[in-house]
Amino acid sequence: MADVLLGIETSCDETSAAVIVASGKSAKPELASLVILSQDVHKVFGGVVPELASRAHLAALPAVVDRALAEAGLGLSAVDAVAVTAGPGLAGALLVGVVYAKSLAYAGDRALIGVHHMEGHLFAPAVEDPELAPPFVALLVSGGHTLLLDVPAWGRYRLLGQTRDDAAGEAFDKVASLLGLGYPGGPAIERLAREGDPSRFDFPRPMLAEGFEFSFSGLKTAVLHAVRASDDLERDRPHLARGFQDAVLDVLVTKLERAVRATGYPTAVLGGGVACSRALSARAAERLAGIARVAVASPRLNADNAAMIARAGWYRLGLGERSDWTLDARADLPLPGLETAEITT
């Protein structure tokens, strides 16, 4: 088992490297450093431009890795293993990280492990809470995914439900664009929503009544119609943001509570970029009070980052898994250990 593991994340528009250290096979891994470099260039275009993201990763990754090692007080020679996001994500961006990680592993005869990006998000709270352990229900919400999972054990993931169309994070970005708030959309909407009147716009709660599936395309369209119907968008903007945010969070938290009650698990995990939302974590904690504790990482560990990739990689390496030199980036990489659950609501 590796004592020093370097994690690399380049799935979208954050270039990140992290070092975790564990002394001995049974020791809990500790985060020694985390460096995240965000690509501001995409704000100009209102969303991530894949080619620009790939070029930015290529230029920044060596310096980001060097900085992570320096902050950990270690040289490259101390690294025993390299974990890297292999998918899903933007193909070109992923490829930059995978090729760099393979080169480091090959040159230093180090162990290599490819990590699924969403499994990384699942492990993110465990970076700060080493005692976190299954069973639990997990809600993973990002720009590309909305997944509700039954996690009876690490590495075993039972799919309860997922989005049938848009991911929640994508809906936040698109609605933010409609409101003229720029990219990324989630933080901007959350800030503006604090000034909004929740009674002004009562948007639909798609698929709220039953099941574990999600849908956000119709809600996004409802906001579009409301924006077009407004005779004073400047006046209505905070109220539109509040109405939209309330609708999304209501759906997410209702489904999460339903899953917790169906499984009887004492813990609910929030992960993914949308879990940076204080409004989401507060609403989940309020709804699940007395039912289950809500485990959520700090915002820097919910955004795309290499610490979560390193932590998931450390787990996989502990199982004896290794990636060989055929490891490749895959934009549609399936979540390992995923199976469909049959739970009656």
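Where is Asp250 found? Asp250 sits in helix 7, where helices and strands are DSSP runs numbered from the N terminus (H or I of at least four residues for helices, E of at least two for strands). Before going on, keep in mind that this is a predicted model, in which local features need pLDDT of at least 70, side-chain atom pairs count only at pLDDT 80 or more, and totals for chains, interfaces and linings use all residues. Residues are numbered from 1 along each chain as its sequence is written, and side-chain values use heavy atoms, with hydrogens and water left out.

**Around Asp250**

Asp250 has a relative accessibility of 17% and counts as buried (under 20% relative accessible area is buried, over 50% exposed, in between partly exposed, with a 1.4 Å probe and protein chains only). If you skip neighbours within four places in sequence, Asp250 is in contact with Arg205, Leu208, Arg283 and Arg287, contact meaning heavy atoms within 4.5 Å. Leu280 is 30 residues from Asp250 in sequence, and their C-alpha atoms are 8.9 Å apart.

**Salt bridges**

A salt bridge here is a side-chain nitrogen of Lys or Arg within 4 Å of a carboxyl oxygen of Asp or Glu. By that rule, the count is 21.

| Asp129 | Arg293 | 3.1 Å |

Take the salt bridge of Asp129 with Arg293. This pair ties together distant parts of the chain, 164 residues apart: Asp129 is in the loop between helix 3 (117–128) and strand 6 (136–141), and Arg293 is in strand 10 (residues 293–296). Asp129 is partly exposed at 24% relative accessibility, and Arg293 is partly exposed too, at 40%.

Asp166 is buried at 12% relative accessible area, and Lys220 is buried at 18%.

Asp246 and Arg242 are about one helical turn apart, because they lie four residues apart in helix 7. Asp246 is buried at 9% relative accessibility, while Arg242 is partly exposed at 22%. Then there's a network: salt bridges with shared partners join Asp202, Arg205, Asp250, Glu257, Arg261 and Arg287.

**Helix packing**

How do helix 6 and helix 7 cross? The axes of helix 6 (residues 217–229) and helix 7 (residues 233–263) come within 11 Å and cross at roughly 165°. That makes helix 6 roughly antiparallel to helix 7. In helix 6, Leu219, Val223, Ala226 and Val227 meet Leu233, Leu240, Phe244, Ala247 and Val248 of helix 7. By class, that contact has nine nonpolar residues, no polar and no charged ones.

Helix 4 packs against helix 5 (residues 185–193) at an angle of about 65°, with axes 8 Å apart. Phe172, Asp173, Val175 and Ala176 in helix 4 meet Gly185, Gly186 and Ile189 in helix 5. This contact comes out as four nonpolar, two polar and one charged.For these helix pairs, axes are lines fitted to C-alpha atoms over the stretch in contact, and angles run from 0 to 180 degrees between N-to-C directions. Angles under 35 degrees count as roughly parallel, over 145 as roughly antiparallel, 65 to 115 as roughly perpendicular and the rest as oblique. As for classes, Ala, Val, Leu, Ile, Met, Phe, Trp, Tyr, Cys and Pro count as nonpolar, Asp, Glu, Lys and Arg as charged, and the others, Gly among them, as polar.
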